[in-house]
Amino acid sequence: MKIEEKETTRVGEAYPLLDSSLITTSKIKKYQVKIIDCGDYTQLYLYPTLKIKHLDEDNLSKGGGYSRVGEGSIEYKNLVRSKNQMARLVMCNHSEFKTFITLTFADNVKDIKKANAVFNDWVANLKKRSKRDLKYIAVPEFQKRGAVHYHVLTNIDYINDLILSKEELRIYSPTTKKWQVGKSVPSWKKGHSMAKDVVSEDYDLIGYMSKYMLKDFDNRLFAKRRYLYSQNLKKPKPKILDLDNLEDTQNLQNILVNQNIRFQSSYKDKLTGEDVQFMEFCCKQNSQDI
């Protein structure tokens, strides 16, 4: 990766806007590299020209993931942004998650606001009754019949947890033409529930959750949260690096030396037309795929 060659913009030129979900500090600073610290994992963006960071705040601190643009319609780029935010949450907390739970409504509940209220009540009651530090990330989705259902990653233990049924269920899926094995969640009394073990089954957690967010453009989620999560999760930490600064350069070198590259690619920034390099790293002592 070449980091010595960089083209600077002239004073007075307009600088491209940054993704506001990745900005946390208030001081204006120039940079060529943006990193997202996700615990055992790090995402890195390398820009060909000098950038300037402006005052903004991190959307994750608001418990967001909103999809909103235009007059009642959702744009694909907003779905991708929400997906990326959620994926970073999964990365930061991947070692916490033990089960993947699907919750459905027996009644044809189509109102996402009403459904979210029921889901939040279930979470609150679960915390109160079990006195547990429940951690979760949930993605709502609409079934073909229009009813809302939820896909939820949780720290509920599949083997020893009293929240799940003792006996496993085997249900045949006409869609996948496979038998699904899991346990029911007795505390969810609104419809069907199924909990799967993501530890022993070696799930791709990010891929599993992301596919539900990018499946289609569902404008019923306009101005609604695209995903829900517990506030006790670790949050990704964005940071920008100025390669003319010795400390920032050393921070970059530490990443390159101490972490392995899991994935790399490049993409064209739609605002500037520039080719941006993207890399994702994981700690060398942690080779687990998520």
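Predicted model: local features only at pLDDT ≥ 70, side-chain atom pairs only at ≥ 80, totals over all residues.

Two strands are said to pair if DSSP finds at least two bridges between them.

Q: What is the bridge partner of Thr42 in S14?
A: Strand S2 covers residues 41-53 and strand S14 covers residues 275-283, and the two pair in the antiparallel sense over 6 bridges. Within this pairing, the residue of S14 that is the bridge partner of Thr42 is Phe281.

Q: Which strands are the edge strands of the open sheet?
A: The sheet is formed by 5 strands with antiparallel pairing, in the order S12-S1-S2-S14-S13. Its neighbouring strands are turned by 20 degrees against each other on average, with direction ignored. An edge strand pairs on one side only, and this holds for strand S12 (237-241) and strand S13 (259-268).

Q: Which element gives the largest share of the lining of the second largest pocket?
A: The second largest pocket has a volume of about 1000 Å³, and its lining is made up of 32 residues. The elements that give two or more residues to this lining include strand S4 (99-104), strand S8 (178-182) and helix H3 (205-213). The largest share, 4 residues, comes from S8.

Q: How many charged residues does the lining of the second largest pocket have?
A: Among the lining residues, Thr102, Ser173, Gln180, Lys196 and Tyr212 lie nearest the centre of the second largest pocket. Sorted by class, the lining has 12 nonpolar and 11 polar residues, while the number of charged residues is 9.

Technical notes. Residues numbered from 1 in each chain as written. Heavy atoms only, no water. 1 Å grid on protein atoms, 1.4 Å probe; cavity = no way out; pocket = protein on both sides within 12 Å on 5 of 7 lines; lining within 4 Å. Points joined across faces, edges and corners; volume = space filled by probe spheres on them. Nonpolar A, V, L, I, M, F, W, Y, C, P; charged D, E, K, R; others polar. Axes fitted to C-alpha atoms, helices over the stretch in contact; angles between N-to-C directions.
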